[in-house]
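Please look at the sequence and the structure below before reading on. The paragraphs that follow go through one part after another.

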Amino acid sequence: MKEINVAVTGGAGQIAYSLLPRLISGETFGEDTKVNLRLVEIPQVVDKLEGTIMELIDCGFRQTGELTATSDIKEGVKDADWILLVGSIPRGIVVDGKKIEERSDLLKINGGIFTAQGSAIGEFAKSDAKILVVGNPANTNALIGKNQANNPGQQWFAMTALDANRAKAQLAKKAEVEISAVTNMAIWGNHSPTMYPDPNNALINGVSASEVINDKDWIENDYLPLVQQRGKAVIDARGASSAASAANAAIDTVKAVESPTAEGDCFSAAIASDGSYGVPEGLIFGYPLKTNSDGDVEIIQGIEINNFAQEKIDVTTQELLEEKEAVKDLLS
Ligand code: NAD
Ligand code: LMR
């Protein structure tokens with residue numbers, strides 16, 4: 001059996017509870033890969049992970065390797081192949097008497113976590129490690145972490161797969177097709193209300209979703225705000241931020257990075273811009289991506305961007321530039 005080292009921060013949180021069994025079950029890394037899992041938590045909570053580990057053992061998956069818990073990020077990420085940075089505070093909570101409404105309001109609270117984690121990853125994780133940031137605001141947290149890691153062989157992603165899954169579900173429902181009929185779903189930009197879940201380049205049975213649906217009013221006034229604000233709607237309805245669907249999206253992202261993308265399809269995640277589509281280099285920006293047969297992840301080029309889409313891409317780019325400016329002290 002192959003062996004892989006995976007570290008997950010926020011191991012005692014809601015998302016982790018849905019995520020962890022699926023990381024060690026053979027589903028994510030393959031039937032023939034043994035997964036050594038390191039769970040990282042803050043010192044006040046780390047003891048609880050013993051209970052989580054007991055449950056993971058009791059799942060009885062044959063792919064389960066060594067299971068450990070630590071509050072030391074350096075120990076957690078040592079020789080890691082994959083690191084899922086989930087640990088951070090969700091919005092909806094009250095800080096200093098004020099409810100945290102937007103993900104960007106979490107910048108000051110969560111941003112600091114990613115400096116220490118980034119430098120530990122840069123120094124101690126494998127030089128070709130892959131890192132998925134789930135904790136919000138995911139794009140700018142990834143920017144901070146990547147900058148601190150300063151290890152060019154490592155690849156940082158921020159999660160937009162949940163947005164892509166939400167967008168596909170809404171398009172499928174409207175068009176009255178199976179969700180598997182919806183492909184090529186690109187989320188451009190930030191995991192925030194400015195994201196652009198692209199309905200023109202998304203396909204329904206191989207035809208542009210906008211053409212199939214043929215209802216501009218629904219696209220602009222129902223579909224877009226619904227997808228952009230779905231995280232808030234879940235928080236309002238559930239009293240807690242999405243967890244099972246977020247864990248599912250994290251698994252989808254790892255699988256998409258680990259296996260070649262089907263011809264004509266894409267997956268969505270935010271990665272460091274190389275200037276593609278006019279986005280300033282270095283911003284962690286949501287793009288349509290593909291994994292090629294060598295296992296490299298590339299931004300898909302040549303996608304047609306109409307004026308409406310360009311306006312949306314400009315807005316989300318601007319927001320990410322503002323977030324970058326707000327954390328400039330954490331980037332130096
Ligand atoms: P949660 O509060 O249930 O769990 C978070 C856990 O992180 C807690 O157990 C906490 O102790 C731990 N933690 C905090 N600081 C840490 C640190 N420095 N090191 C290690 N662990 C630390 O929250 P959750 O519902 O699991 O959500 C986690 C994050 O994911 C939130 O920021 C949430 O907004 C975000 N999220 C992102 C997406 C996305 O699509 N990108 C989707 C859902 C949630
Ligand atoms: C989501 O999209 O569900 C998460 O980012 C949680 C949130 O704050 O919306």
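Helix 1 and helix 11 each supply at least two residues of the shell around ligand 1. The model is a predicted one. In this model 29 residues surround ligand 1, and the closest are Gly10, Gly13, Ile15, Gly87 and Ala246. By class, the shell around ligand 1 has 16 nonpolar, 11 polar and 2 charged residues. Domain 1 (2-158) and domain 2 (161-326) both contribute to this shell, so ligand 1 lies between them.

Now take helix 1 itself, which covers residues 14-23. Its buried residues are Ile15, Ala16, Leu19, Leu20 and Leu23. Seen down the axis of helix 1, these buried residues fall within an arc of 110°, so they line one face of the helix. The general rule behind such a pattern is that an α-helix has 3.6 residues a turn, so residues three or four places apart point the same way. What lies over the buried residues of helix 1? The cover includes strand 1 (2-9), strand 2 (33-40), helix 2 (49-59) and helix 11 (244-258).

The residues around ligand 2 are Pro90, Arg91, Arg103, Asn136, Leu162, Gly231, Lys232, Val234, Ser241 and Ser242. Of these, 3 are nonpolar, 4 polar and 3 charged. Which helix gives the largest share of the shell around ligand 2? Helix 10 (residues 230-238) does, with 3 residues. Domain 1 (2-158) and domain 2 (161-326) each provide at least three residues of the shell around ligand 2.

Terms used. Residues are numbered from 1 along each chain as its sequence is written. Chains are lettered from A and ligands numbered from 1 in the order in which they are written. This is a predicted model: local features need pLDDT of at least 70, side-chain atom pairs count only at pLDDT 80 or more; totals for chains, interfaces and linings use all residues. A residue is near a molecule or strand if its C-beta atom, placed from the backbone, lies within 6 Å of it. Helices (H or I, at least four residues) and strands (E, at least two) are DSSP runs, numbered from the N terminus. Ala, Val, Leu, Ile, Met, Phe, Trp, Tyr, Cys and Pro count as nonpolar, Asp, Glu, Lys and Arg as charged, and the others, Gly among them, as polar. Domain bounds come from an automatic or database domain assignment. A residue is buried if 20 or more other C-beta atoms lie within 10 Å of its own, exposed if 12 or fewer, and partly exposed in between; C-beta atoms are placed from the backbone. The arc is that of the directions from the helix axis to the C-beta atoms. Two residues are in contact if their C-beta atoms, placed from the backbone, lie within 7 Å.
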